[in-house]
Amino acid sequence: MATTVNIYLTFKGNCEEAFNFYKSVFGGEFLYVGKIKDMPQQEGMPPFTDSDKDKIMHISLPISKETTLMGADYIESYGYEFIAGNNFSISVQAETRAEADKIFNALSNGGTVEMPMEETFWGDYFGMLVDKFGINWMVNFNLKE
């Protein structure tokens, strides 16, 4: 498998509605649908509000052999605010853990690390950053492969 790049969209509470629309356009089936309430509470972060619990934590819809459209809702209790223009990220799926680190470290040079590369509760090695040009990036390596 080669390194792949996909777009990750973020919504203001209507991610599920949007992805059902995209599914009607592109067809296919969701690979994964997870809600905020399915996510373990993160240490040092405020508890999820009742209004956040049924929002989408992660959803993915393959739209071709090479491309998967991914998305989530902003978690307002975590201090995220929806602003048109900041509601997408470029998601990189690396072939190896070392490649994930290399890409993450290079992209974060001069930028801001939002979440350092770490093993996650969903079983991947993952990190998020904003590069020095203001572009949001997610870097992932599937530890199960």
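**Exercise 1.** Determine how many of the residues of strand β5 are buried in this predicted model.

*Solution.* Strands are DSSP runs of E with at least two residues, numbered from the N terminus. A residue is buried under 20% relative accessible area, computed with a 1.4 Å probe on protein chains only. By this criterion, 5 of the 6 residues in β5 are buried, and the strand is mostly covered.

Two conventions apply: residues are numbered from 1 along each chain as its sequence is written. Local features of the predicted model need pLDDT of at least 70, side-chain atom pairs count only at pLDDT 80 or more, totals for chains, interfaces and linings use all residues, and side-chain values use heavy atoms, without hydrogens and water.

**Exercise 2.** Identify the partners of β5 and the sense of each pairing.

*Solution.* Two strands pair if DSSP finds at least two bridges between them.

- Step 1: β5 (residues 88–93) runs parallel to β8 (residues 136–142), with 4 bridges. Here I90 stands opposite W137, and Q93 has N140 as its bridge partner.

Notes
Buried < 20%, exposed > 50% of the residue type's maximum accessible area, 1.4 Å probe, protein only.
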